[in-house]
Amino acid sequence: MSAAGDRLQDTARQAALALPGVSHGYPFTPGLGVYKVAGKVFLIVTDDPDEQIITVKCEPEHARAQERGYASITPGRYLDKRHWISLGPGPGITERLITDAVEDSYDLVAERLPRRDRPGAR
């Protein structure tokens, strides 16, 4: 079953906050939630009901495969389009896909942190 926009956003928020060492804030603008691990962004969630998307970090090859496989996955908005993807509601966008995307993004960011800054092992 596909996740509607509000569920897409809520699922992403819940998945992010369940991970160790995550902080959340609105450093850019109200309505654009930013989730970080050790000060590094791994998830951006719009609060805009007319533009229900999330943006996550992604390995370039995996990002291109995701974009080919799902019409509502596009290169990341406002970010390096090679390393970030945006997910919107649409066919095939399930809660599991969203959770996996958030967790994969977190892992990509966390594994590049200096060892002393990494949160507890997942």
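The model is predicted: local features need pLDDT of at least 70, side-chain atom pairs count only at pLDDT 80 or more, and totals for chains, interfaces and linings use all residues. Residues are numbered from 1 along each chain as its sequence is written, and side-chain values use heavy atoms, with hydrogens and water left out.

I checked the cover of Thr-46 next: at 9% relative accessibility it counts as buried (under 20% relative accessible area; exposed is over 50%, partly exposed in between, with a 1.4 Å probe and protein chains only). A polar atom of the Thr-46 side chain lies 2.5 Å from the backbone oxygen of Glu-51.

I then placed Thr-46 in strand E3, residues 40-46. Helices (H or I, at least four residues) and strands (E, at least two) are DSSP runs, numbered from the N terminus. In E3, 5 of the 7 residues are buried.

I followed the pairing of E3 (at least two DSSP bridges between the strands). E3 pairs antiparallel with E2 (32-37) over 6 bridges, and antiparallel with E4 (54-57) over 3 bridges. Val-45 is the bridge partner of Gly-33, and Ile-54 in E4 is the bridge partner of Val-45.

Last, I turned to helix H2 (60-69), whose buried residues are Pro-60, Ala-63 and Gln-66. On the other side of H2, Glu-61, Arg-68 and Gly-69 are exposed. The buried residues of H2 pack against strands E5 (73-75) and E6 (84-87) and helix H3 (95-111).

Methods:
Contact means heavy atoms within 4.5 Å. A polar contact is a pair of N or O atoms within 3.5 Å; within protein, one must be able to donate a hydrogen and the other to accept it, and residues adjacent in sequence count only if both atoms are side-chain atoms.
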